[in-house]
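These are my notes on a structure I looked through today. I wrote down each thing I looked up and what came out.

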Amino acid sequence: MTKLFSERLIARLAEASWVTVLTGAGVSAESGVPTFRGTDGLWSKFKPEELASMSAFLRNPELVWKWYAHRKEVIARVKPNPGHDALVRLEQLVPHFALVTQNIDNLHRRAGSRTVYELHGNIERNYCLECGAVFDNEAVLAKPGVPLCDHCGGKIRPDVVWFGEALPEEQWNYAVRAASSSEVFLSIGTSALVYPAASLPQIARRNGAMLVEINPEPTPLTTQADEFLQGQSGKILPALVGAVEDARAAHRSLTSRL
Ligand code: BJW
Ligand code: ZN
């Protein structure tokens, strides 16, 4: 049987004490959540500048809410896929592990991942622009049109990071620390175009990490990657994590016999 992965990659992952994973929309594509860019992506039908910025929200909150209410309903219906599940298993194998995600769909937590840093927020949360009160989806979707705050009457917005907005500071600081400490960094299902998230693989590499990319298509990161695993994360990740589990088990049985 042909080897799917290099021995170098499996050995590095099996021996690493610090691994960081950065995920993007591609990881949820096989669950049925549309990606942003590409021919079938959200941005091929909708304009980001009309939907994913504070100025768009202030200009046309009805339109922005219609879009988010639709996406909230789609995301509530989907389930984690084998790629999400494999990342849960990888976390259990590695002593220090961080899953940094640009995804807002909460599928990593729903799959069972524990150390998750959400750089672009979470579509299951919402907050009032005026007083900061927090609302869950059940509360906001029950309100017709643009949901207003029960406490102060202010407009409620989804707790996601729009263009031009700062990332949540604590999550970003944890992500930078994880990237800087890692021996292996995996960039999975992201076009690596949106900053500052796209700088994390570069930070990891500058600090000596082995950089691995999983994506069906090359990205601006591909030429810098030590390994480019071309294909869908829902197929590649279960096989990769299975190979790492086998290598860790083989190492344990060897050391117990010595
Ligand atoms: C598969 C697959 C399968 C398919 N398996 N893979 C010029 C230069 C540098 C930066 C800037 C610049 N001009 C402006 C900026 C800053 C801007 C930016 O980066 N823009 C670039 C687009 C140029 N960044 C920001 O504004 C950020 N904030 C910031 O910089 O703050 C500092 C600041 C503050 C104030 C003033 C000035 C500066 C904030 C970025 C927020 C991004 N928000 C969004 C929307 C979230 C809410 C929502 O969902 O509605 O986040 S945009 C969108 O892009 C979303 C994503 O998280 C993000 C990244 O997309 P991702 O995940 O990579 O998805 P895709 O679709 O691009 O790629 C999917 C990939 O999957 C593809 O490669 C496929 O091939 C692959 N794939 N199937 C594996 N089965
Ligand atoms: Zn309020």
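Where is the place of Ala-76? I found Ala-76 in helix H6, which covers residues 61-77. I keep in mind throughout that this is a predicted model.

**Entry 1: the open sheet.** I then turned to the strands. Strands of a sheet pair through backbone hydrogen bonds, either parallel or antiparallel. In which order do the six strands of the open sheet come? I read the order as E3-E2-E1-E7-E8-E9, with parallel pairing. Strand E3 (116-118) and strand E9 (227-230) stand at the edges with a single partner strand each, so one side of each has no neighbour in the sheet. From one strand to the next, the twist averages 15°.

I checked one pair in detail. Strand E2 (residues 96-101) runs parallel to E3, and three bridges join them. Leu-99 has Val-116 in E3 as its bridge partner.

**Entry 2: helices on the sheet.** I looked up what packs on this sheet. H1 does, touching strand E1 (18-23), strand E7 (184-188), strand E8 (210-215) and E9. The direction of H1 makes about 110° with that of E8. Helix H10 (residues 169-181) also packs on the sheet, and it touches E1, E2, E3 and E7. The direction of H10 makes about 125° with that of E3.

**Entry 3: H1 and H12.** Two packed helices are described by the angle between their axes and the distance between the axes. For helix H1 (residues 7-15) and helix H12 (residues 233-257), I noted an angle of about 65° and axes 9 Å apart. Angles of 65 to 115 degrees count as roughly perpendicular, and H1 and H12 are therefore roughly perpendicular to each other. H1 passes H12 in a right-handed crossing.

Which residues make the contact? From H1 I listed Leu-9, Ile-10, Leu-13, Ala-14 and Glu-15; from H12, Leu-240, Ala-243, Val-244, Ala-247 and Arg-248. Eight residues of this contact are nonpolar, two are charged and none is polar.

**Entry 4: E4 and E6.** Last, I looked at an antiparallel pair: strand E4 (residues 121-128) and E6 are paired over four bridges. Asn-126 has Pro-158 in E6 as its bridge partner. Strand E6 (residues 156-160) is mostly covered, with four of its five residues buried.

Technical notes. Residues numbered from 1 in each chain as written. Chains lettered and ligands numbered in written order. Predicted model: local features only at pLDDT ≥ 70, side-chain atom pairs only at ≥ 80, totals over all residues. Heavy atoms only, no water. Axes fitted to C-alpha atoms, helices over the stretch in contact; angles between N-to-C directions. Helix = DSSP H or I, 4+ residues; strand = E, 2+ residues; numbered from the N terminus. Parallel < 35°, antiparallel > 145°, perpendicular 65-115°, else oblique. Left-handed = near helix turned anticlockwise from the far one by under 90°. Contact = heavy atoms within 4.5 Å. Nonpolar A, V, L, I, M, F, W, Y, C, P; charged D, E, K, R; others polar. Pairing = 2+ DSSP bridges. Buried < 20%, exposed > 50% of the residue type's maximum accessible area, 1.4 Å probe, protein only.
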